Amino acid sequence: DRLAANARRQTPFSFYADVLGAERGRARILARLGGEAADALDEFLNLALDYERRETPSLQGFVAWLRAAKTDVKRDMEMARDEVRVMTVHGAKGLEAPVVILADTTTRPSGPRDPRLFALPVTCAPPDTPANLVWASARVNDVGPMAQARDDLRRAAQDEYRRLLYVAMTRAIERLIVCGTEGANRRPEGCWYDLVSDALLPAAVEEPADDGDGNVWRYRKVAEMPAQAVQPAAAASVVTLPDWLRRDAKPEPHAFESIAPSRAYDDEFTATWKPSAQAMRERKLALERGRHVHRLMQSLPDIRPERRAEAADKYLARAANAFNIGDRRTIAGQVLNLLEHPHFYELFGPGSRAEVPIAGRLARAGKPPFIVSGQVDRLAVTGDEVLIADYKTNRPAPANLADAPKAYIAQLALYRAVLAPLFPGRTLRAALVWTDVPDLMEVSAADLDAALAQVTSA
């Protein structure tokens, strides 16, 4: 239940960062799957951030976006890992390592066996004419065109075989070890081992192996230089120390403080409006009502006005089982009237956005700046105004603004302060939307300024 509540409140990145961090999801996954899972987890969080930059963030939207995406994650070869990685040449493309061992270098250049399906080009045919497909048997049964097709396939396989050798050899940074095994038959002609030894053996030196018995052929790109006699050092010249070495270092700047607008006043969230035992059922219904109102106000603005009433009725009939048909009609009617509020009509009009994450820095006199991070429930930008709204579902609506919790006013004030530099010359208006009624209550600029001054001076 707690995670479900967080999913409705947080963006996808914040939600999954908490699940993997504070909820110790990452530690559990790594304990089960090993350290290799860290790359996938990091890439998953990167995808969540990328989604929030592209779309209006919601958990359901992110899951749908992730399912439709075609993403390949390729792990990089980390230099500091104390491990041996076994991989194919194709899998090693683009990676490097200090030491690379070519363990299997004695396979046939043309592959273990010839393919059975041959493509025979059609002679004297127009361009792009599809080839004829022939299922081949033993080589002794080949006729002229089939023998030619078999030879062409073998040459193509040998060319690819040599290209893969180039890829394998260029993965090594410091040392390349070429080895292989020979069975009862001699190693096949033109295999990797022969290609390397034929080219490098004339310039290689036979030396004892670094580990174990026997000798190895060692090729070095640059011959070792003979040791030279050490020349006596010249008389040291006088060095003048720069001035900065004689001055004390400047004090480190203070770390920035972070503040979430929804937590501007922690004490306010435990204060008033606690339901009595007799009102628990009414309180539960009020919270359920607020949740549905919040959902409708988030979704209905994206629907054409003439279809909103139908969409609201369908949603409430499906999701609001705790209310009878009369209550559902009342809820739908109140929300539709609120969306057409004359003072904030643009807030829910075309181009407005829901669940907008914001972040910024607020200066404070004589103190380090605040780092502010939060999410605006509704935002609209018009020609000369910026409209902000925050939905409140966790308490009954007060009769007037004076009875509203200070924390809610401070939350809007911080949103307004962060957005103000982004929209110079525009008036920023803010309002609280009480989903329990529902009702829209605009907060004056003077009240917002006073709340901001109290928060930044604390």
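The entries below go from the whole chain to single pairs.

I am working from a predicted model, in which local features need pLDDT of at least 70 and side-chain atom pairs count only at pLDDT 80 or more, while totals for chains, interfaces and linings use all residues. Numbering starts from 1 along each chain as its sequence is written, and side-chain values use heavy atoms, with hydrogens and water left out.

Whole chain. I counted 13 helices and 12 strands; these are DSSP runs numbered from the N terminus, helices being H or I of at least four residues and strands E of at least two. Of the 458 residues, 32% are buried. I take buried as under 20% relative accessible area, exposed as over 50% and partly exposed as in between, with a 1.4 Å probe and protein chains only. Among contacts (heavy atoms within 4.5 Å) between residues at least 6 apart in sequence, 64% join residues at least 24 apart.

Salt bridges. I searched the whole structure and found 20. The criterion is a side-chain nitrogen of Lys or Arg within 4 Å of a carboxyl oxygen of Asp or Glu.

Helix α7. I looked up Arg162, which forms a salt bridge with Asp159, the closest N and O atoms being 3.5 Å apart. Both residues lie in helix α7 (residues 144-169), three residues apart, or about one turn of the helix. Arg162 is partly exposed at 42% relative accessibility, and Asp159 is partly exposed at 38%.

Helix α10. Lys314 and Glu310 meet in a salt bridge at 3.1 Å, N to O. Why are Lys314 and Glu310 separated by about one helical turn? They are four residues apart in helix α10 (residues 305-319), so about one turn lies between them. Glu310 is partly exposed, at 43%.

Strands β11 and β12. I found a salt bridge between the side chains of Arg429 and Glu442, 3.0 Å from N to O. This pair links distant parts of the chain, with Arg429 in strand β11 (residues 427-434) and Glu442 in strand β12 (residues 439-443), 13 residues apart. Is Arg429 buried or exposed? Arg429 counts as buried because its relative accessible area is 16%, whereas Glu442 is partly exposed at 34%.

Network. Salt bridges that share partners join Arg175, Glu207, Asp210, Arg218 and Arg220 into one network.

Helix α4. Last, I checked Asp50, which sits in helix α4 (residues 37-54). Asp50 is buried, at 18% relative accessible area.
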